[in-house]
Structure formats: structure tokens, C-alpha cells
Amino acid sequence: MISGEIKSQVDKIWDAFWSGGISNPLEVIEQITYLLFLRRLDDLHTLAENKATRLKKPMERRIFPEGDYVLEKSESGEPLKKRPYDHLRWSRFQHFAPPEMYAVVNEFVFPFLRTLGGDDSTYAHHMKDARFTIPTPALLAKVVDLIANIPMDDRDTKGDLYEYMLSRVC
């Protein structure tokens, strides 16, 4: 069962969305879900990094590849719009100033999410329509800060969190 503290944190996130201009509860849940998913991807990548370091072996599976994520290229093939994959990680972009965080999440993270796993993967098929609809850098920064404070180590927390969010819709 979700604790009163976590309920309070979810209520603060919910209120931030409402005061930030997103009043559709399904859209709120969708955006929270994407952000929680990004946090989880980074956690999994960090676990893989730590394991590789401990075993002194290369990482078996990188979620965030090394190098740059190239979003746009010139006619000659030169990157016009790129960002290090490392910047797409929750643990990195959460510390950016709000305008930079917003630009990274909007322009790079969501396109990356839509293609993660390869174009032919089931994941890419389901994520092809992923939309980032948070309207302002300030709202994104506030929501990221609030989500960062939710302890997600307990396996039951994720399910309880969604049950609680869904109860707010009904």
C-alpha cells in the first residue's frame, strides 16, 4: 500500500501539472509515466555500469550508447543537431537549467525514446507516438524535481503509485 508521504508527493506532482496548464488527467498520467520510465532506464543503465566496473568487463547492454545522438544531418551527412547520449539520461538532464532541460527532453529524449530498441522492435512500435506535452521549462523542472524525490527502490511502489494515480481519475 502506498504511504501517506508518497501520496502527498504524487498530489504535489498532480497539482503542478494542473497549475502548469495540463488538466486532462490521462495526459498527466501519460507524462508522469514517460518521466518515470526515463528515470528507470537511467537506473538500469547505472546498474549495468556498476556491474561492469565491479567485474572489470565491458557493459553487456548499453541503454544509452557512447557518443552522440544525432537528430539531424546536413545534406553532406554532417551532424547539424546532436547531443551526447549521456545528456539523455535522467541523472544528467535533471541537473540542467530549466531551459536546457526542456530543450534536451523535447528535442532529443523523446525522439530517442521513440526509436529505442530499433525501428522494427515491439517497443518502438508502441512508443512511435510518444508525445512530450509539458508546456514550459519551469513546469518540467518542477515535475522532474518532485519525481526525483519519490523513492522507487521498493518493487511495490510502482504499482501502488499507478493505482493511486488511476484512483484520482475515477
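View 1. Lysine 56 follows H2 and has a positive phi, near 55 degrees. This is a predicted model: local features need pLDDT of at least 70, side-chain atom pairs count only at pLDDT 80 or more, and totals for chains, interfaces and linings use all residues. Residues are numbered from 1 along each chain as its sequence is written, and side-chain values use heavy atoms, with hydrogens and water left out. Helices are DSSP runs (H or I, at least four residues), numbered from the N terminus. At the start of H2, a side-chain oxygen of asparagine 24 comes to within 2.9 Å of the backbone nitrogen of leucine 26.

**View 2. The span of H2.** H2 has 31 residues, so at 1.5 Å a residue it should span 45 Å. The expected span is 1.5 Å times one less than the number of residues. The end C-alpha atoms of H2 are 45 Å apart, which agrees.

**View 3. Glutamine 31 in H2.** Glutamine 31 belongs to helix H2, residues 25-55. Its relative accessible area is 1%, so glutamine 31 is buried. Buried means under 20% relative accessible area, exposed over 50%, and partly exposed in between (1.4 Å probe, protein chains only). Leaving out residues up to four places away in sequence, glutamine 31 touches Phe17, Phe110, Arg131, Phe132, Thr133 and Ile134. Contact means heavy atoms within 4.5 Å.

**View 4. H2 against H4.** H2 packs with helix H4 (residues 98-115) at an angle of about 80 degrees, their axes 12 Å apart. H2 is therefore roughly perpendicular to H4. Roughly perpendicular covers angles of 65 to 115 degrees. Axes are lines fitted to C-alpha atoms, for helices over the stretch in contact, and angles run from 0 to 180 degrees between N-to-C directions. H2 contributes Gln31, Tyr34, Phe37, Leu38 and Leu41, and H4 contributes Val109, Phe110 and Leu113. By class, this contact of H2 with H4 has 7 nonpolar, 1 polar and no charged residues.

**View 5. H4 against H6.** The axes of H4 and helix H6 (residues 137-148) cross at roughly 90 degrees and come within 8 Å. That makes H4 roughly perpendicular to H6. Pro98, Pro99, Met101, Tyr102 and Val105 of H4 meet Pro137, Ala138, Leu140, Ala141 and Val144 of H6. Nonpolar here means Ala, Val, Leu, Ile, Met, Phe, Trp, Tyr, Cys and Pro; charged means Asp, Glu, Lys and Arg; the others, Gly among them, are polar.

**View 6. Leucine 44.** Leucine 44 also lies in H2. Its relative accessibility is 33%, so leucine 44 counts as partly exposed.

Technical notes
Helices (H or I, at least four residues) and strands (E, at least two) are DSSP runs, numbered from the N terminus. Angles under 35 degrees count as roughly parallel, over 145 as roughly antiparallel, 65 to 115 as roughly perpendicular and the rest as oblique. A polar contact is a pair of N or O atoms within 3.5 Å; within protein, one must be able to donate a hydrogen and the other to accept it, and residues adjacent in sequence count only if both atoms are side-chain atoms.
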